[in-house]
Amino acid sequence: MATKNVKRLRIALLAGTASLLATTSLWAKDVKVAYIPCGQVNDGSWSEAGYDGVKAAKDALAKSGTNVTIDYSESLSPSQAEVAARDYATKGYQTVILHCGTYADAAYNAGKDFPNTNFLIVVAPKSVKNVWTYIPAMQDISFVAGYLASKMSKSGAVGVVASFNFSNITWQAEGFRLGARYGNPKIKTFSNYINSFDDAGKAKEAAQAEIDSGADVIYSATDQASRGIYAAAETNGNLAIASYSDQSKLAPKTVLASALANIPLLVENMVTGSVSGTLVADKVYSVGMAGGIGDLAMNPDLAKTVPPDVAKEVQALMVSIKSGEIKVPALSDPGQSEKYDLAALKAK
């Protein structure tokens with residue numbers, strides 16, 4: 001049944017893409033798109049994944065004769081992001097992507113003053129008029145990562161180091177902790193928020209604190225700061241699980257797996273929809289594993305350390321989430337996962 005659903009999804013996506021490419025031929029031949037991420041476009045994580053999606057959209061639109069020029073501004077504060085967004089709008093950019101959860105106000109504020117520019121904002125509470133929000137429901141794949149971590153933990157404790165305590169980031173952290181409990185109801189889980197996407201020093205300290213408390217598998221829910229997490233885990237001979245993109249090459253002896261968000265696909269779809277004018281007014285585009293957002297990439301060097309029965313359980317769990325048999329909640333409060341009724345995960 002799951003295989004049939006995936007096939008139907010692929011067919012629908014292909015049909016939608018064909019329709020989209022046909023539609024874009026009626027639109028402007030030259031379009032300017034701006035990308036404003038949390039970090040840098042070569043960070044190997046969140047910001048680069050989004051940039052890959054923008055470039056993929058450019059390639060897709062080029063097939064219909066629409067030429068897209070891409071510009072970007074990196075590592076800005078929320079106030080700086082709003083200034084940049086307004087500047088791009090003033091210069092006639094058709095679409096401005098604010099690929100950072102802390103930029104929501106910047107998108108809404110700029111959207112009000114520049115109604116002829118489309119603004120795309122990640123992980124914001126609503127879509128309104130010319131501002132659309134897209135949400136990778138990362139709690140799904142983070143739940144799987146937590147389950148795997150619980151099965152690989154020898155100490156009976158795991159931890160997560162996250163950037164900021166807000167919406168999608170907290171969903172990830174709590175999704176991981178809930179997944180760990182689902183794999184082992186007696187496991188201890190820890191979480192720390194470092195209030196930074198790129199401070200590797202803070203991330204290392206937070207990871208070390210969790211390791212000192214007994215955690216032997218650490219999940220990263222941050223951006224460039226992840227390098228500090230991997231450093232702490234490697235120094236102590238522990239494991240780490242990355243997020244957003246495959247980061248096993250950054251720490252091949254430490255990163256057991258990467259919880260992929262498939263951000264490029266989500267951003268590509270949003271940008272092509274924006275340029276072609278096919279985005280639905282006021283619709284929030286929230287997509288999880290059932291919609292193709294979320295996968296687990298095992299480190300080939302460490303995959304052999306995962307017991308075969310655990311590997312099978314992880315795959316079965318992913319199938320159950322994709323089919324809707326298991327519904328992972330979006331928990332917004334740190335620690336909420338510790339009190340959540342595991343029985344409620346099963347769809348009725």
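Tyrosine 51 lies in helix H2, residues 46–62. Helices here are DSSP runs (H or I) of at least four residues, numbered from the N terminus. This is a predicted model; local features need pLDDT of at least 70, side-chain atom pairs count only at pLDDT 80 or more, and totals for chains, interfaces and linings use all residues. Residues are numbered from 1 along each chain as its sequence is written, and side-chain values use heavy atoms, with hydrogens and water left out.

Is tyrosine 51 buried or exposed? Tyrosine 51 is buried, because its relative accessible area is 14%. Buried means under 20% relative accessible area, exposed over 50%, and partly exposed in between (1.4 Å probe, protein chains only). Leaving aside neighbours within four places in sequence, tyrosine 51 contacts Tyr35, Val41, Ile70 and Tyr72. Contact means heavy atoms within 4.5 Å. Lysine 154 is 103 residues from tyrosine 51 in sequence and 38 Å from it in space, C-alpha to C-alpha.

Other buried residues of H2 include Trp46, Ala49, Gly53, Val54 and Leu61. The end C-alpha atoms of H2 are 25 Å apart, which agrees with the 24 Å that its 17 residues should span at 1.5 Å a residue. The expected span is 1.5 Å times one less than the number of residues.

| Pair | Angle | Axis distance |
|---|---|---|
| H2 and H9 (residues 263–276) | about 45° | 7 Å |
| H7 (residues 200–212) and H8 (residues 226–235) | roughly 40° | within 7 Å |

Axes are lines fitted to C-alpha atoms, for helices over the stretch in contact, and angles run from 0 to 180 degrees between N-to-C directions.

H2 and H9 pack at about 45°. That makes H2 oblique to H9. Angles under 35 degrees count as roughly parallel, over 145 as roughly antiparallel, 65 to 115 as roughly perpendicular, and the rest as oblique. H2 passes H9 in a right-handed crossing, meaning that the near helix is turned clockwise from the far one by less than a right angle. Among the H2 residues that meet H9 are Trp46, Gly50, Asp52 and Ala57. On the H9 side, Ile263, Glu268 and Val271 are included. The residues of this H2–H9 contact divide into 12 nonpolar, three polar and two charged. Ala, Val, Leu, Ile, Met, Phe, Trp, Tyr, Cys and Pro count as nonpolar, Asp, Glu, Lys and Arg as charged, and the others, Gly among them, as polar.

H7 and H8 are also oblique to each other. Their crossing is right-handed. H7 contributes residues including Ala203, Lys204 and Ile211, and H8 residues including Gly228 and Ile229. The H7–H8 contact residues divide into eight nonpolar, two polar and one charged.

Notes:
Helix = DSSP H or I, 4+ residues; strand = E, 2+ residues; numbered from the N terminus.
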